[in-house]
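The entries go topic by topic.

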Amino acid sequence: MSSNFIYSNRDHKFILKEWLNTEKILNFDAFKDNYEMDDIDMILDEGLKVAKEVVAPTNIDGDKIGAKFEDGKVTTPPSFHKLYQFMQENGYGNSQFDPDEEGKLPTLLHIALEEFFNAANPAFHPYIGLAKGASNLIELFGTEEDKKRFLPKMYSGEWSGTMCLTEPCCGSDVGEITTKAFATEDPRVYKIKGTKCFITAGDHDLTENIIHLLLAKCEGAAPGTKGISLFIVPKIWVNEDGSLGEPNDVTTVAIEHKMGIKGSATAMLSFGDEGTCRGILLGNPPDENGKAEGMAQMFVMMNGARQGTGLTAMAIAQAAYNYALQYAKERVQGKSISNPKGPRVRIIEHEDIRRMLLFQKSIIEASRAMIMKNSYYIDLSRYSNDPEERKMAQRRIEVNNPLIKAYPSDMVWQTTAEAIQVHGGYGFTEEYPVAQCARDSKILSIWEGTNFIQSLDLVGRKWRLDNGKIFAEWFKEVAESIESNKDLEGFAREYEIMSKAVGAYREIQGFIAANFAKNIKIVPLYSTRVLHATAMLWGGSLLLEQAAVALQKIQELGENHFDYPFYQGKVQTARFYIRNIVPEIFKIAEIIKDCDTSAVDILEEGL
Amino acid sequence: MNIVVCLKQTFDTEAKITLDAGGKIERKGVSLIMNPYDEFAVEEALRLKEKDGGEVTVISVGESSAQDALRQALAMGADKAILVDPGEAELDEYATATILAKAISGLEYDIILGGFRAIDDGSAQVAGRVAEILNVPVVNVVTKLEVEGGKAVATREIEGGSELVEVALPAVFTAQKGLNEPRYPSMKGIMKAKKKPMQKMTLGDLGLEGQVAAKVKALSYSLPEPRKAGKIIPGEAAEAARELAKLLREEAKVI
């Protein structure tokens, strides 16, 4: 399948050069000597070329050969080795995570490249991607010695990273973890004992060492998440001078046999079977009340991983859509409903096929708009010279984060389903690539905090953060953006729907605020739908902004310009999303206000 | 060792070719790439430089969009670029070669490389003409190149085999597929590319203003006939083969 991997960077160019203020980002001190606006095309073009020609051909190996566990060792397909080396040597790998890297790309551009690579082989990307969060944690919370000891080889790609949270007994319930850390004579070094499971890239043969960032509880730590500490636990011990020591008593018990991303090794790891596994504590040990720092630290990594999850979902959705679009343009079946005596037509000429295609396209582009807009805020939050602006951007990211994790990763299952449907019976076979897209995508709604956890994060935390001010600012920005497009020509009905959606959303918030104290169960019962409503409102407002840019462009270029179909496509995509998807918000508002509780009222035996 | 690489920007191999209202090839909205055979030439130049040191200059004749192809070569590792804008001059192989040769004659060079042909017009003439004007030898369709002590040994494809040619430098070599595997520009390479010198010249700068004109004029362009749908012969293998033979004989008239 991979040989005909189809992908375009046209929407990315539109977003970076015409919609978002990328110039502002490139003018920050971190980038101004290295990048200008006219570098964008080359970076996107070369990145896409690498995705097509170097990354995509390995996708089939990931699915057909997969990661293997034999004689206690995990192996990855041979083509993954070559690819890993290529990505590291050419600056597409871990070096991008080094804050001091010369020529480090802004997030806005880097995220676009990551999208191409993820679409081309979603099972490969974790081997690089996980080093991002792991190195970032050491960069933020490690001592100078830790940084010298671990980071150079993590940034060079010689060592990879993981995040070890989940245990057989607890995934979402991370506060219940049983992995223990025992103090030693060295106040920073602890003995580690416990078992972790579902560890992505937890063991493999691509690097000489793997640096696990592991959650464990020190003796005497408080129960629950409060008592969790974070440790650097290398697979092979790293001496203080950065050289490799003895194996660190980290054993791979098994790897999972999964429905998708089979090339990504998902390991169960046992730490300290022999009692010699050591870990280095990041930050301080638990205080006198047993309160530790690990969970807050780990959230830095989790936030990045959640953004990456939404990105992968969107990338897979786009790849599946591209296959469906191509198939629809080639497959001849049936006749036009308005010309039943005419010739047989390509299925792209059928109304329902178009509905399915635009359903996918509009959700993908809404998701990309959210992810890219959030990346813009990430760059502001890190690189702006204005501390107020940095703070403002950080506040937006707080709200964006659960949305961009959960919405794309919920929707990719629906969009790939439509991509399969467009293929008819062939879509159900493994001869066509869309089945793999669906299989590869399913994990994304589950890992890095299930999408229900994201919805609780939104409703339970982000709505209320800083007394609700952070969400209120976020909401105001969305509402103002919609208002600013009030007079957009030909978009009166779309504006009306969007502004009604703002009202419906306020009703949802008001209802839950007024009623959750009476029945707390309505929060978890409806939070998933609230998250979707939030994402659709935001996505609709962003696509409306994009439509405004596209309409302006059409005026300038005219309908005979070669790029007219792209801009007309942007306009129709925004229209479809607002007219066909956004009205779900009204339904959600009705359902929530109706506040049916049958799902909790039904007897377990009646289920 | 100073190496000059002539390169051309061409349509993307995946581009859909159409004709505009005037019957010429539509250039608008078509994505452009470095001619793939020129990529082999750039790669070979970089390998020679990495082995023996020296400088790689890439040169192209074209409008400003051709800068992108030159920049790709700079990102791959070439040291400097020259873009000659032909202005209003009509170009054919003769005119392009004349301009390139004039520009190259102002440079120091030991080796001149180029693709053996461009994938758009496929004339395979320009490099040979450049060699002729500069009065240096040319070895075409090279699949291996070894340079040592002012001489080069080139392996070139010939009908049914290959030929080893020894030639004194300076000389022109044209690259064939198989010469090497071109590298992808690294992120660092892309970033550094725009800090490398890109010299823009006009025909006036070369003293050629009004001096070059195409000798060949394309009268018209036409697209190939769309391929007709194939025919599937159903039924048992033996029966279908009989039917196939019959159709090949009576309908296609090929046997």
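Predicted model: local features only at pLDDT ≥ 70, side-chain atom pairs only at ≥ 80, totals over all residues.

**Entry: a cis peptide**

I looked up Pro170(B) and found it in the loop between β9 (161-168) and β10 (171-175) of chain B. A cis peptide bond joins Leu169(B) to Pro170(B), and omega is about 0 degrees. Most peptide bonds are trans, and most residues other than glycine have a negative phi.

**Entry: a positive phi**

I then checked Asp466(A). Its phi is positive, about 50 degrees, although the residue is not a glycine. Asp466(A) sits in the loop between α13 (451-462) and α14 (469-484) of chain A.

**Entry: a helix pair**

At what angle do the axes of α1 and α17 of chain A cross? I read roughly 80 degrees, with the axes coming within 12 Å. Angles of 65 to 115 degrees count as roughly perpendicular, so α1(A) is roughly perpendicular to α17(A). Helix α1 covers residues 10-19 and helix α17 covers residues 564-581. From α1(A), I listed Arg10(A), Asp11(A), Phe14(A) and Glu18(A); they meet Phe566(A), Tyr567(A) and Lys570(A) in α17(A). By class, this contact has 3 nonpolar, 4 charged and no polar residues.

**Entry: chain A against chain B**

How many residues of chain A are in contact with chain B? I got 25, and they touch 16 residues of chain B. The two chains bury about 1800 Å² between them, with 59% of it on carbon and sulfur atoms.

Next I looked at the charged pairs. The rule finds 4 salt bridges across the interface of chain A and chain B. I looked up Glu39(B) with Lys49(A), a salt bridge whose closest N and O atoms are 3.8 Å apart.

Which helix gives the most to the side of chain A that touches chain B? I found helix α3 (residues 40-55), with 8 residues. That side of chain A divides into 10 nonpolar, 5 polar and 10 charged residues.

**Entry: salt bridges overall**

I counted 56 salt bridges over all chains. I picked Arg368(A) with Glu115(A), where the closest N and O atoms are 2.8 Å apart. This pair links distant parts of the chain, 253 residues apart. Arg368(A) is in helix α10 (residues 351-383), and Glu115(A) is in helix α6 (residues 107-120).

Methods. Residues numbered from 1 in each chain as written. Chains lettered and ligands numbered in written order. Heavy atoms only, no water. Axes fitted to C-alpha atoms, helices over the stretch in contact; angles between N-to-C directions. Helix = DSSP H or I, 4+ residues; strand = E, 2+ residues; numbered from the N terminus. Parallel < 35°, antiparallel > 145°, perpendicular 65-115°, else oblique. Contact = heavy atoms within 4.5 Å. Nonpolar A, V, L, I, M, F, W, Y, C, P; charged D, E, K, R; others polar. Buried area = accessible area lost by both parts, 1.4 Å probe. Salt bridge = Lys/Arg side-chain N within 4 Å of Asp/Glu carboxyl O.
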